Every structure is written in C-alpha cells, then in structure tokens.
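Here is a walk through one model, helix by helix. Keep the structure open as you read.

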Amino acid sequence: MKKILVLAIAAGVGLISMSTTASAFNTGKCAACHNIDHDKVGPAWKTVATAYGDEATLAKVFEGGFAVGDRKVAGSEAKWKSKAGLMTSQFNHLIKGHEKEAAHALFESVKNDKFGDY
C-alpha cells in the first residue's frame, strides 16, 4: 500500500511539473528583435515593462488583439510606429493564443535579465 501511495504522489508531482512547463512561454525567439535593456529592431523590454507597469496590463493589450492604438511604446514613439506591421505579424505568429503567458514571460525576462522559459 505504501508503494502505491508513493508512486501516486510521485506521479502527481510529475504532472504538476509538466503542466507548469507546458504553460511556460519561451522568449528565445523574441531575442531576434528585442533586447532586455537596449533597443534593437524592437524596443527594449525594460522600456516596454516600464510603459505598461505590470504584466496584467500588458496581457490585456495582447488579449485585445494588440491594436496599434493600445500599444504604449509604439503609440508614443515615432520610430516604433513605422514597425507596427512587423510587430503585428510577430504577435500573430508568436503571441496570439498565449497572451497571458507572453506578458508574464516579458516581465520575468526583465526581472531575471535574460530570455528563456517563463
């Protein structure tokens, strides 16, 4: 009986670990256009994090379809307005369907000063 209980607990822990990993968002592809602390093809994520303040606010913008008018950085800086089409394409390709996870990952990347699974 103890063996069955131990196996059940181990299986449960494994499932919890798998579900956490499965819902993580990998920011590695984002590094092609973004950097954590300086502008690249897109704005620095520290700039984005400062503009939105928290991941819930950014997630709402993502969940709303990432409309150009809702983008705090692109809406306030001319150099990013010209890249709106590229940003929309990448949103549709990488973020759509993962809005909350992506917002969380951006803020975790800034906090940890590195791209990765969050």
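This is a predicted model: local features need pLDDT of at least 70, side-chain atom pairs count only at pLDDT 80 or more; totals for chains, interfaces and linings use all residues.

Leaving aside its neighbours within four places in sequence, which residues is Leu94 in contact with? They are Phe25 and Lys29, where contact means heavy atoms within 4.5 Å.

Residues are numbered from 1 along each chain as its sequence is written, and side-chain values use heavy atoms, without hydrogens and water.

Leu94 lies in helix α6. Helices here are DSSP runs (H or I, at least four residues), numbered from the N terminus. Leu94 has 18% relative accessibility, so it counts as buried; buried means under 20% relative accessible area and exposed over 50%, with partly exposed in between (1.4 Å probe, protein chains only). In α6 (residues 84-95), the buried residues are Ala84, Met87, Phe91, Leu94 and Ile95. They fall within an arc of 115° seen down the axis, so they line one face of the helix. That arc is taken from the directions from the helix axis to the C-beta atoms. Gly85 and His93 are exposed on the other side. The cover over the buried residues includes α3 (55-63), α5 (78-81) and α7 (99-112). After α6 comes Gly97, with a positive phi near 95°.

Now turn to α7 and another partner. The contact between α2 and α7 involves Trp45, Lys46, Val48, Ala49 and Tyr52 of α2, facing Leu106, Phe107, Ser109 and Val110 of α7.

Methods:
Helices (H or I, at least four residues) and strands (E, at least two) are DSSP runs, numbered from the N terminus.
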